[in-house]
Amino acid sequence: MDMQVAKKKLGLKERYAVMTRGLDWKPSYQKMEDIYPYMAYEGIKIHDWDKWEDPFRLTMDAYWKYQAEKERKLYAIIDAFNQNNGHLNVTDARYLNTVKLFISGISPLEYVAHRGFSHVGRQFPGPGPRVACLMQALDEIRHAQTQVHSISNYNKYYNGMHDFHHAHDRVWFLSVPKSFFDDAITAGPFEFMVSIGFSFEYVLTNLLFVPFVSGAAYNGDMGTMTFGFSAQSDEARHMTLGLEVIKFILQQDPANVPIVQRWIDKWTWRGYRVLTLVAMMMDYMLPKRTMSWKEAWEVYFEENGGALFKDLARYGIKMPDCAAQIALEKDHLSHQAWSTFYNYAAASNFHTWMPDEEEMAWLSSKYPNSYDKYYRPRMEFWREEAAKGNRFYNKTLPMLCQTCQIPMIFTEPGDPTKICYREVDYKGDKYHFCSDHCKKIFEDEPEKYVQAWLPVHQIYQGNCFPEGTDPTVEGFDPLAAVLKYYNLEFGRDNLDFDISEDKKNFAEWRGQATKNV
Amino acid sequence: MAVAAVKTYEFPPADTVDKFHGAQLLYIGWEDHLLFCAPFAFPFPPTMRFGDILAGVLPGVFGYHPDFAKIDWAKAEWFKSGQPWQPDADKSLAENGLKHKDVIRFRTPGLTGIKGSCS
Ligand SMILES: [Fe+2]
Ligand SMILES: [Fe+2]
């Protein structure tokens, strides 16, 4: 009989060494290049994968335990929220449109992030980053799932969320976040890590998740807020991974520096253009505001990001050039974006409205250099016309930027009265851009962006109607056909908030919950 | 610079003129009138008379704006790809030199939008 000898418990460091690094092996009958075929083509040189430091030293077994605990807490709260008609506690029914924007614009990106991290996790030869990517891949699919579960309760009562993933792949403005992530996952593993792991998760995450989560907290949305807290510790891990990756790549070879700088420049701009949606959400869609977009940009990018890039200077990395243009746009971005959605309210999966008097006063105070001069006259005009029964619905499709796919709504840096037009001739065709930065991204890799699925052009090519539609018949209504293709119902999922079923139902249900009827 | 790829990377562009069923794209913007958030995209046949766009298309598109009825088309200034340009209303798009995905804009001197805000 063997003697049982009590084994000493492994310390954290040894555990990590055995259960992460120790799981790797050197192939004996296959070449490394064949097993990891995507490691060289981006031009990044890695000499020693063992130099990778994992700041968390989290092992897979501990990961499962930890996440399961968070999951139990989250679902207990979601259950309570659902059972107590938590949806009636939000500030007012306009808030629900923030939830619609989130579920159709952001949650599908969590799923794509899952795919992206699964892919790069498979490709990295180092066991440290491979396991870190595996954990992030699992986090991201968990985020997608928990968001869908948290928000599904709203879907039982309100319009526009019923087919969010279908919408994400089709609706004109959702091609903005979709194409952003498609661009990232079709890049190589290193560019993916810089684009999503660093630029998005590290540099810009506070401008995406914090506004939604604090917006939820300010507006009584327990479901979304709880999800946000449950994701917080994951986000901390993702941010650390993003920063670690970039420092690792930069230290491995000086030739990596200019490549990484180009990626940071590109992805800061790409990410910022997606944040246009967040800017308008913060300034226009939250009934109870948290802070203005401009304030958020100043705190999270100019201050925190400024300190970050100062820190990265010793690796040879500098602040992206686009920061100068973004600083000029911060007085205008949210107003131009909300005007756009007000224009195209007939083709969207959420409702829009004009701010009331008090909200306009808030906008004037937060944007003293721009709101009264450029945007208030426009919005007062729209409000007056709507009151006369002449609400503006723009039914003509806009020109789009080839790179960010946003309609050409942005003005010249320094002149908010002129649309910024840029164009390039490439192989006999013209391509148009909203900015010098989107133009430069195209010029760096035209072969990629000439394939862009631009919703407006796709509609005109006849690719966005339900199967069997004949656009040549007498009296053909293209908007109606496009909405069918989006699986949105005219008059219910779109148009102004004021005439919406959401507004009417919410008032009625809240009345039943708070008054004697 | 070329795209980084593991092998030959060549794919057809998504928006060549052959895909628009005989039409070509034309983008039109109205300067100083940002009530319309962006310039518009249109699929027009190259044989279309330019004057038919002015008389038949633009009123439906820009007519909501109180300035539109005040436009004196004789005084309108036109630009193509940002450069001054003179269209001939009686000629077709093709005869006016307009190609697929060209962008034109017009300025209407004296009209500067809602309360002069360029809206
Ligand atoms: Fe996530
Ligand atoms: Fe753009």
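**The iron site and beyond**

Guide: The donor residues of the iron ion (ligand 1) follow the sequence spacing E-x29-E-x2-H. The model is a predicted one.

Visitor: Which protein donors does the iron ion (ligand 1) have?

Guide: Two of them, Glu110(A) in helix H5 (residues 107-123) and His143(A) in helix H6 of chain A, are 33 residues apart and link distant parts of the chain. Both Glu110(A) and His143(A) are buried. The donors lie 2.1 to 2.2 Å from the iron ion, and they are Glu110(A) (OE), Glu140(A) (OE) and His143(A) (ND1).

Visitor: Is Asn159(A) buried or exposed?

Guide: Asn159(A) sits in the loop between helix H6 (127-155) and helix H7 (164-168) of chain A. Leaving out residues up to four places away in sequence, Asn159(A) touches Lys100(A), Arg492(A), Asp493(A), Glu501(A) and Asp502(A). The cut-off for buried is under 20% relative accessible area. Asn159(A) has a relative accessibility of 11%, so it counts as buried.

Visitor: Which residue forms a salt bridge with Glu71(A), and where is that residue?

Guide: Side chains of opposite charge can pair when their charged atoms come close. The salt bridge of Glu71(A) has an N to O distance of 2.5 Å. It links distant parts of the chain, from Glu71(A) in helix H3 (residues 60-83) to a partner 71 residues apart in helix H6 of chain A. That partner is Arg142(A).

Visitor: Is each of Glu71(A) and Arg142(A) buried or partly exposed?

Guide: Glu71(A) has a relative accessible area of 23%, while Arg142(A) has one of 7%. Buried means under 20%. Glu71(A) is therefore partly exposed, and Arg142(A) is buried.

Visitor: Which residues are linked with Glu71(A) and Arg142(A) in a network of salt bridges?

Guide: The structure holds 56 salt bridges over all chains. The network that contains Glu71(A) and Arg142(A) also has Lys70(A), Asp139(A), Asp234(A) and Arg237(A).

Visitor: How many residues apart in sequence are the parts that Asp496(A) and Arg391(A) tie together?

Guide: The side chains of Asp496(A) and Arg391(A) meet in a salt bridge of 2.8 Å, N to O. Asp496(A) lies in the loop between helix H21 (478-486) and helix H22 (501-514) of chain A, and Arg391(A) in the loop between helix H17 (371-387) and strand S1 (411-412) of chain A, so the parts they tie together are 105 residues apart.

Visitor: How many salt bridges cross the interface of chain B and chain A?

Guide: The contact takes 45 residues from chain B and 54 residues from chain A. One salt bridge joins Asp32(B) to Lys418(A), with the closest N and O atoms 2.8 Å apart. Across the interface of chain B and chain A, the count of salt bridges is three.

Visitor: Which element supplies the largest share of the side of chain B that touches chain A?

Guide: Strand S1 (24-30), strand S2 (40-44) and strand S5 (102-107) of chain B each supply at least two residues of that side. The largest share is four residues, and it comes from S2(B).

Terms used: Residues numbered from 1 in each chain as written. Chains lettered and ligands numbered in written order. Predicted model: local features only at pLDDT ≥ 70, side-chain atom pairs only at ≥ 80, totals over all residues. Heavy atoms only, no water. Contact = heavy atoms within 4.5 Å. Salt bridge = Lys/Arg side-chain N within 4 Å of Asp/Glu carboxyl O. Buried < 20%, exposed > 50% of the residue type's maximum accessible area, 1.4 Å probe, protein only. Donors = N, O, S within 2.8 Å, 3.2 Å for Na, K, Ca; no water.
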